[in-house]
Amino acid sequence: MPDGTPPRPPLARTLRSAEDLHAAGLLPEAAMAGVTAVSTRYSIAVTPGVAALIDPADPADPIARQYLPHPDELVTAPHEQADPTADAPFTPLPGVVHRYPDRALLKPLLACPVYCRFCFRREAVGPDGGLLTEAQLEAALDWFARTPAVREAILTGGDPLMLSARRLGTILQRLAALPHIELLRIHSRVPVAAPGLVTPALAAALELEKPLYLCVHANHAREFTPSARAALGRLHRAGVVLLGQSVLLRGVNDSAEALEALFRAMLRARVKPYYLHQLDPAPGTARFHVPVEEGLALLRALRGRVSGLAWPTYVQETPGGGGKVPLGPALG
Ligand SMILES: *Cc1c(COP(=O)(O)O)cnc(C)c1O
Ligand code: SF4
């Protein structure tokens with residue numbers, strides 16, 4: 001926010017359309033038709049907290065870039081695929097993805113607090129649909145019960161922290177009660193995008209007898225607001241181990257300075273940077289692409305400059321479902 005600009009009052013609700021974004025002063029009238037066209041294909045959600053972080057006077061605002069739709073999203077580049085991580089062949093039943101022998105994903109819902117414009121699951125996520133029915137959830141939990149090779153249950157989606165404390169607590173307890181499940185993990189953007197959802201009841205639901213890791217998805221230092229840090233503090237006090245995952249994004253964090261600030265902000269919020277993802281080629285995301293060589297050079301520039309605790313592993317998804325591979329940079 002430039003000096004002298006009075007802070008905008010917080011919005012009462014999440015913005016979900018071109019009209020909402022325009023009314024909140026985040027979208028000029030001339031851009032509304034393009035955003036409306038995008039909204040027929042991809043969901044829009046900007047929470048009040050995220051909206052307050054955007055500087056509408058800055059056309060290159062790194063927060064706006066992550067969340068405000070752009071007409072280029074309707075242009076699919078030749079290399080882009082609807083299911084870039086190729087989850088489908090590894091889906092034994094609805095809501096379960098089993099790609100690696102010792103760990104499997106459970107996707108209890110496909111709603112998120114915000115819809116990121118670069119999301120690799122953008123063809124699947126959205127506010128309606130994707131919530132497993134009771135019968136589907138039972139079948140998924142039963143699959144975990146009869147798959148003893150799986151030691152780690154990873155809840156993702158969508159965003160599992162969008163569930164009620166009671167429902168999420170039940171799922172976690174059921175999984176943690178299985179003798180072969182050694183650890184649990186949740187992937188979530190809620191602590192930075194909708195920290196108010198991390199209520200004391202939700203934090204209490206995450207207190208388990210078995211280790212629970214929470215991978216917090218954040219891409220810019222400014223996302224670690226006082227409310228986000230407070231939410232992460234509540235999770236930490238509940239015994240949750242906090243890890244950070246980020247995506248390398250053009251115009252958001254594609255400089256050594258931006259990455260350094262991001263990883264330092266994570267550490268101050270008790271979050272250990274875990275993964276820096278090379279962008280998966282989901283449709284209409286080409287404007288965020290940073291070549292791998294550039295990513296490696298950025299990480300090399302951080303060497304010696306930041307604590308080793310700040311270093312994530314830079315990873316790329318192999319096309320066609322081969323899984324994640326570390327890209328380096330090579331040590332030494
Ligand atoms: C990324 C991913 C995991 C977890 O991998 P880690 O390297 O252990 O973080 C598990 N299953 C699927 C399908 C994944 O894409
Ligand atoms: S929160 Fe995660 S799953 Fe949801 S839109 Fe963003 S990147 Fe995709």
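So, two domains: the assignment for this chain gives domain 1 as 18–69 and domain 2 as 88–328. Keep in mind that what we're looking at is a predicted model. Taken over C-alpha atoms, the centres of the two domains sit 24 Å apart. Where they meet, domain 1 puts in 16 residues and domain 2 puts in 20.

In soluble globular proteins, nonpolar side chains tend to be buried together. Here, the largest nonpolar core has 86 residues, and the ones touching the most other members are Leu 21, Val 46, Val 50, Tyr 67, Val 114, Tyr 115 and Ala 153. Helix H10, residues 256–268, gives the most to this core, with six residues. And where does this core lie relative to domain 1 and domain 2? Both domains give residues to it, so it lies between them.

Around ligand 2 you'll find Cys 112, Tyr 115, Cys 116, Cys 119, Arg 121, Val 125, Asp 159, Arg 189 and His 217. That shell splits into five nonpolar, one polar and three charged residues. Tyr 115, by the way, is also one of those core residues that touch the most other members. For the cysteines there's a database record too: an unreviewed UniProt entry lists Cys 112, Cys 116 and Cys 119 under "binding site".

Let's zoom in on a couple of those. Cys 116 is in the loop between strand S2 (103–106) and helix H5 (134–145), and Cys 119 is in the loop between S2 and H5 as well. Is Cys 116 buried or exposed? There are 21 other C-beta atoms within 10 Å of Cys 116, and the cut-off for buried is 20 or more, so Cys 116 is buried. Cys 119 also has 21 other C-beta atoms within 10 Å, so Cys 119 is buried. What do they touch, apart from neighbours within four places in sequence? Cys 116 is in contact with Gln 66 and Tyr 67, while Cys 119 is in contact with Val 125 and Ala 282.

Ligand 1 next. Its shell is Thr 85, Val 97, Arg 99, Tyr 100, Arg 103, Leu 105, Ile 154 and Lys 324. Strand S1 (96–100) and S2 each give two or more of these, with S1 giving the largest share, three residues. By class, the shell has four nonpolar, one polar and three charged residues.

The peptide bond from Gly 157 to Gly 158 is cis, with omega near 10°, and Gly 158 is in the loop between strand S3 (152–155) and helix H6 (165–176). Then there's Ala 86, in the loop between H4 and S1, where phi is near 50°, a positive value in a residue other than glycine. Arg 270 has a positive phi too, near 70°, and it's in the loop between H10 and strand S7 (272–277). With 16 other C-beta atoms within 10 Å, Arg 270 is partly exposed.

Terms used: Residues numbered from 1 in each chain as written. Chains lettered and ligands numbered in written order. Predicted model: local features only at pLDDT ≥ 70, side-chain atom pairs only at ≥ 80, totals over all residues. Near = placed C-beta within 6 Å. Nonpolar A, V, L, I, M, F, W, Y, C, P; charged D, E, K, R; others polar. Core = buried A, V, L, I, M, F, W, Y, C linked by C-beta atoms within 7 Å. Buried ≥ 20, exposed ≤ 12 C-beta atoms within 10 Å, placed from the backbone. Helix = DSSP H or I, 4+ residues; strand = E, 2+ residues; numbered from the N terminus. Domains from an automatic or database assignment. UniProt positions renumbered as here; feature names shortened; annotations may be inferred. Contact = placed C-beta atoms within 7 Å.
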